Amino acid sequence: MNVKTVYRARHAMGRRVRGTALVANDGFSARYDLDRIAGVFSRPTHKLAGQSYVGRILVLDTAKGGVASAWMIHEMQSRGMAPLAFVFNSVNPILAQGAALGAVPMLAGFVADITAAIPNGAELEIDPQLGIVTVLG
Amino acid sequence: MLMKLNDEERDILAGKLGPVPQQALQHQIAVGDFFGAEDFVAVTQAHIMADTESLGDAGVRWLERMAAATEGRRRVCIPTITDPRGTDFSKAAYLGQTQSMLDLERRAIAAFVKLGVVMTDTCINYQTIQAPTRNEHLAFGDTGVVIYSNSICGARSNFEGGPSAVSAGLTGRTPRYGFHLSEHRRATIHFHVDFTPASLNDWGALGALIGRIAGNYWAVPVIEGIEGAPRSDQLKHFGAAMASFGSIALFHLVGITPEASRLSDVALPNLPTHRITRDDVAALQQSYRKDGKIDVVVFSAPQLSLFELRTLADLCDGKRFSVPMLAVTSPQVKPDADRMGFTARIEDAGGTVMSGMCFYQSYAREIAEAKGWKRLVTNSAKLVNILGGYGYQPMLESMEACVDAAVTGRLE
């Protein structure tokens, strides 16, 4: 029987979802890091440069940069080009505001470094009501 | 819902004041609950970042739906102003901006005006509109505006993205968490700087290094070693870069900023300490440098003050540029720059002075493609940090070196 690993977050919002993790120990800003038309990380120095974030559960360290993400997540969602969920060690208010407007589930604040705990490509279930992320496999 | 509401807030949430403030409060509660806010705090001003590149059609429709409401309260109830827009309409053709970009911009402006928002279009409102006061609770957008208001003015604001700043304007309040609370304003990391920068790019680079090390929104740097009284423009670049590189919203300069007369006012003993040298600041700038041909010089982010434009005009006298040079300021400063002759002196050299926008908030990727601009030189550390993701090769130099590069078309 597979043993499912569960991590609990201090902060949570949104609906329950399942999907594939895209993981890096790096920051996130919709304006600074993304080509939002192509749906890929575009900042050359970002650890996920060139990779698509669309429909993935982004597991990253922290929110970076400016305030634009609050609108941009909503805009990406309107075109079906948003991440499925955010799982971060910490977030700033902008990412939370953007997740709230764009209806993207979000967890933040873990005891362990969540970017080290979750393998890239893992199948995850996010349950914001319980404040947990479960590694399914 | 976890937040405690007063009678007025319960009425708003029940829709008794109409659907517009109701929707705004619902959004604010979602954010407040996420961060564990106990209740709301009344705010006196709101500042909205809402360039149309960020909004997109979806964001503009969100605003238009609010502006089209016919029932209840439909206008902001506190002074609510705007960050730079996505264009300077008089320069849009020069920048290669398309009709659809301008149409979207006009729709956004029309919605904001219907909502009662004052279109100041500036990220230097603390220099030009109304400087915040100590302990004033605000709902400000633009990270540079927030970090300056918190740190230099001693006001209290979180980063409020556009949707939240609009909501705060409509409800007159914001969730009480983060930098509205005294316990979050104490320093978490200590820096000792062994020199005092002079140029704006050096101030920006120092802010960038501190932001990069401090590393996240909840960190509060306290800095010792700065001598004398820095000028507003220097602290503007310092804070804007720190906020950009680190998502930092508050810093303390011991003996300078209002909450830190002494280190012990804001810091417990034994905070983690970092030392930053002049060589560190030079190395950060060198890391962006690429000698050779350049495509464009940009002064922006934050918008230039009247005195930055005067200094730039002095440097432009007798020069002739071989590559485009853009200087971006606020709609409040531009008429003064025109009246004092600064605009004419910059444009006589071949430069272009724009207002009401900011370079990176104006479809920078599409401008690069339309104009063939890639190798960009600026004195703004914030701008070099942002533009890498937009496909530029940005370089950070002094204002003097930027002007020289605009003349020769090269960085040597």
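**Entry 1: helix H12 of chain B.** I began with the face of H12(B) turned away from its buried side and found the exposed residues Asp279(B), Ala282(B), Ala283(B) and Gln286(B) there. I call a residue buried if 20 or more other C-beta atoms lie within 10 Å of its own, exposed if 12 or fewer, and partly exposed in between, with C-beta atoms placed from the backbone. The model is predicted, so local features need pLDDT of at least 70 and side-chain atom pairs count only at pLDDT 80 or more, while totals for chains, interfaces and linings use all residues. Residues are numbered from 1 along each chain as its sequence is written, and chains are lettered from A and ligands numbered from 1 in the order in which they are written.

H12(B) spans residues 278–286, and I noted Val281(B), Leu284(B) and Gln285(B) as buried in this helix. They lie on the same side of H12(B) because they cover an arc of only 95 degrees around the axis; the arc is that of the directions from the helix axis to the C-beta atoms. I then looked up what the buried residues of H12(B) pack against, and it is H9 and E15 of chain B. Helices (H or I, at least four residues) and strands (E, at least two) are DSSP runs, numbered from the N terminus.

**Entry 2: strand E6 of chain B.** E6(B), residues 189–193, is mostly covered, with 4 of its 5 residues buried. I count two strands as paired if DSSP finds at least two bridges between them. E6(B) pairs with E7(B), residues 221–224, in the parallel sense over 4 bridges, and Phe191(B) stands opposite Ile223(B). From E6(B) the chain crosses through H9(B), residues 200–214, to E7(B) in a right-handed β-α-β crossover (with the strands pointing away from the viewer, the path from the first strand over the helix to the second runs clockwise). E6(B) also runs parallel to E9(B), residues 273–276, joined by 4 bridges; there His192(B) has Arg275(B) as its bridge partner.

**Entry 3: strands E14 and E15 of chain B.** I found 4 bridges between E14(B) and E15(B), residues 393–396, which pair in the parallel sense. Thr378(B) is bridged to Leu396(B). The crossover from E14(B) to E15(B) goes through H17(B), residues 381–387, and is right-handed.

**Entry 4: chains A and B.** I looked up the contacts between the chains: 33 residues of chain A are in contact with 30 residues of chain B (contact: C-beta atoms, placed from the backbone, within 7 Å).

Methods
Two residues are in contact if their C-beta atoms, placed from the backbone, lie within 7 Å.
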